[in-house]
Amino acid sequence: MPTLFDPLELTPDLTLPNRIMMAPLTRGRAGRDGVPTAIMADYYAQRAAAGLIISEATGISRQGLGWPYAPGIWSDAQVEGWKPVTAAVHAAGGRMVLQLWHMGRMVHSAVTGMEPLAPSPIAPPGEAHSYDGKLPFEVPRAATADDIARVLDDYARAARNAMAAGFDGVQIHAANGYLIDEFLRSSSNRRDDDYGGPVVNRVRLLREVTERVAGEIGVARVGVRLSPNGAVNGCEDEDHLALFGAAAAELGAIGVPWIELREPGPQSSFRPTEQEPASPHMRRLFNGRIVLNSDYKAASAQARLDEGVADAISFGRTFIANPDLVERFRLGAELNRWDVATFYTPGPEGYTDYPTLAERAAA
């Protein structure tokens, strides 16, 4: 069986030097206009030893981006802002894909200036982030056929822009209770048209977005992120194995080369669940690469590779705190601990100032 440090041909055009990926991580260091800032190039370049960096979630449109100071990819200025980031990662020997994000009902009009969009007019639980603190979520507007057509256009433009910005590909964010996931799940999708009801209809938007993005940049440059088990942001499903088995089969038929699954367990430190993992079931229906994510350490990650379900593992908070995570895993070295208080704050603290082993030794 492969080890975490063995290469992986993720696509015919993209071979990774190891199977330790950097998971997508919202950090809130872009400008208010969604334009990436210079410090983001430093942050990602520090972590270029990852087999693959999946960027933080990046908005495909103003309507779809409600997280304060998160980046976008719909404007020329945003494309130009991403170029130094991808150049820095490539100069450091890394590879990077851009995660395409539409937040659906998980936004507030105080941030976007627009009414939230979702499959059905059902508000999510909790509160939305805004520039002035948290606000109760609003009831979204149910997407019309024209809305869906516009969203597909937005995904296509975002994919083109990602390639223009120098990324090695894209990942479609279809997880965590955002727009595509809202269409997938029975709890948030109460439609009675071709996008609602039976599973075959609820996977339609996922299929159409993936086909549209693949048609713009080539399917070999497309990955997809899913969160098949557990409830996230008010999204859950009565039969997650049937739903995500169907999603895996659809993505395989399109030719998507890799998917990433956020798959927590009952002991997860972030939204634990007793719902059984879907990855073994999806493995039988999807012939591409499968990346697993959630609470992994070096030993538990290697165990998942040994089982044969996963081809790689993505790490989130451990990569926040350890820019040299690959080397630390290789040496069995102690890991830095992350600081939750600085996950989304502006500036370098808790962002670019975590020391590497070499820097700690020199100090």
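Which residues lie nearest the centre of the largest pocket? Select Leu25, Phe270, Arg317, Phe343 and Tyr344, which hold that position among the 46 lining residues. A pocket here is an open set of points on a 1 Å grid over the protein atoms alone, where a 1.4 Å probe fits, with protein on both sides within 12 Å along at least five of seven lines; lining residues have an atom within 4 Å of a point.

The model is predicted: local features need pLDDT of at least 70 and side-chain atom pairs pLDDT 80 or more, whereas totals for chains, interfaces and linings use all residues. Residues are numbered from 1 along each chain as its sequence is written, and side-chain values use heavy atoms, without hydrogens and water.

Next, colour β5 (96–101), β7 (127–130), β14 (312–315) and α11 (317–321), each of which gives at least two residues to the lining of the largest pocket. Helices (H or I, at least four residues) and strands (E, at least two) are DSSP runs, numbered from the N terminus. The largest share, 3 residues, comes from α11.

Then move to the second largest pocket by selecting its lining, including Trp67, His129, Lys134 and Tyr344. Two or more of its lining residues come from each of β7 and β8 (133–136).

Finally, select Ala242 in helix α8 (residues 240–254). Ala242 is partly exposed, at a relative accessible area of 36%; the term covers values between buried (under 20%) and exposed (over 50%), with a 1.4 Å probe and protein chains only.
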